[in-house]
Amino acid sequence: IREDRFRCPPDDAKPVAAAGQLIDFQWKLGIAMSADSCKSLKSPCVTVALKVTDGLGNVTCKSFEMTISQFQNFHSQFKEMASVL
Amino acid sequence: MAGELEGSKSLSGLLSGLAQEAFHGHQGITEELLRSQLYPEVSLEEFRPFLAKMRGILKSIASADMDFNQLEAFLTAQTKKQGGITSDQAAVISKFWKSHKTKIRESLMNQSRWDSGLRGLSWRIDGKSQSRHSAQIHTPVAIMELEIGKSGQNQDQFRLWIKRTALCLKDKQASNLKGKYSLVFNLHNSGAPGWHSR
């Protein structure tokens, strides 16, 4: 077994499960004012983009949309995690 | 035959069928199905224009997201029109919109969302206590599992982990967003010129 294959910083706690590391979180808020199906739409929407790295230098970006109430739930999950950490 | 159409008994059912087809994406609600179920005494030739009229009225109301004042004014105008609706029918339509408005709005908003949505979210906190290089470490990490995708298609499931310091920063960013939402919405409601009716 070669030593350098298992080289990692001593206090780096990488989880074993196949998970990427969240390195950036971006969001934007938009309001869809009008659409062909509905002239007076006025629908707010949060789009989130997560940048995740796999530890080998590969970065993927996952983006998705949420309603305001979904985003509020998303935010409260983060708060709950932060409180446990 | 025409008397059947002027009645309001079956109109409520008709509006439900129209809403299912026009807004909630229910396939298979044909005009023949509606006619045979709700207006069996009426011929298809007579039924067609009536159905088109009701569909047009419902779509106008939904498209403009009418509040109750606008709805009353609109329906009153329809009763005064040549070949319009009766006041009984106006009452049925009004009652229908009041009870189905929220669901219809939700469907319309979903229809205009074309990107992936967040379908599922779960998380856990892992605490690593020992490693090869160090006898005692305690660096808790949060692991999130997210499922994103569009309805009716395969979902993309992925996991990510976040260290404590990163999580604090993200929480701060998310808090900023809540304030921003109120600000944008207030600008809209203030009736700034040129904001509506484009």
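1. A residue is called buried when its relative accessible area is under 20%, exposed when that area is over 50%, and partly exposed in between, using a 1.4 Å probe and protein chains only. In helix α1 of chain A, the buried residues are A:Ile68, A:Phe71, A:Phe74, A:His75, A:Gln77, A:Phe78 and A:Met81.

2. Please keep in mind that this is a predicted model, in which local features need pLDDT of at least 70 and side-chain atom pairs count only at pLDDT 80 or more. Residues are numbered from 1 along each chain as its sequence is written, and side-chain values use heavy atoms, with hydrogens and water left out.

3. Helix α1 of chain A covers residues 68-84 and reaches 25 Å from its first C-alpha to its last, close to the 24 Å expected at 1.5 Å a residue, where the expected span is 1.5 Å times one less than the number of residues. Helices here are DSSP runs of H or I with at least four residues, and strands are runs of E with at least two.

4. Over all chains, eight aromatic pairs are found; rings of Phe, Tyr and Trp (its six-membered ring) pair if their centres lie within 6.5 Å, and planes under 30 degrees apart count as stacked, over 60 as edge-to-face and the rest as tilted. The rings of A:Phe25 and A:Phe74 are stacked, because their centres are 6.2 Å apart and their planes are at 20°. This pair links strand β1 to helix α1 of chain A across 49 residues.

5. In chain B, the rings of B:Tyr39 and B:Phe50 form an edge-to-face pair, with centres 5.5 Å apart and planes at 70°, and both residues are buried.

How values were computed: Chains lettered and ligands numbered in written order.
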